[in-house]
Amino acid sequence: MQVVLDSNEFLFAFLAKKKECILVLRACKNMHAVIPSVVLEEVSENIKMESGKDQAGKVRKFISESGWFEVVEDAEIPNVLLEKYITKGLKKEDSVIGAFTEWIGAKYLISENRHFLKLNAKEFKVLSAKQFLSRFRLTE
């Protein structure tokens, strides 16, 4: 099963704001979790602002080198897909994540973003961390 994680899953986990997000990251050890390069950049920048450059470097290294996540360059996403998600009302950065999810053929996008959670996508299902954990009966 291939899943895409939005930036907020990492941010809420690394900043210890949502236990469910921590559990989702741990579950990624046993599944095919993919993130677009824009997510890695967003997470690094936000952690840097919240916790400093050193912590941002540690988080970036964990995401890139743990083997739990596959980081894929998103520059090759077809413009027609990007435009599709912009017309669905997503901001530019979010449209990249939505288009990426469809582009790689992932079954699920895990996000806490209300815009994604309201998104009517036929190509994949959007689930919050809590919904994802419940659906697949994943626990600590």
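The model is predicted: local features need pLDDT of at least 70, side-chain atom pairs count only at pLDDT 80 or more, and totals for chains, interfaces and linings use all residues. Residues are numbered from 1 along each chain as its sequence is written, and side-chain values use heavy atoms, with hydrogens and water left out.

**Sheet**
- An open sheet holds 5 strands in the order β3-β2-β1-β4-β5, with parallel pairing.
- β3 (69-72) and β5 (125-127) are the edge strands; each has a single partner, so one side of each lacks a neighbour in the sheet.
- Strands are DSSP runs of E with at least two residues; helices are runs of H or I with at least four. Pairing takes at least two DSSP bridges.
- β2 (residues 32-36) runs parallel to β3, joined by 4 bridges.
- A33 has F69 in β3 as its bridge partner.

**Helix on the sheet**
- α3 packs on the sheet and touches β1 (2-5), β2 and β3. Contact means heavy atoms within 4.5 Å.
- The direction of α3 makes about 75 degrees with that of β2. Axes are lines fitted to C-alpha atoms, for helices over the stretch in contact; angles run from 0 to 180 degrees between N-to-C directions.

**Largest pocket**
- D6, S7, N8, L11, E42, N46, K91, E93, D94, I97 and N113 form the lining.
- α1 (7-14), α3 (37-51) and α6 (92-104) each supply at least two lining residues.
- A pocket is an open set of points on a 1 Å grid over the protein atoms alone, where a 1.4 Å probe fits, with protein on both sides within 12 Å along at least five of seven lines; lining residues have an atom within 4 Å of a point.
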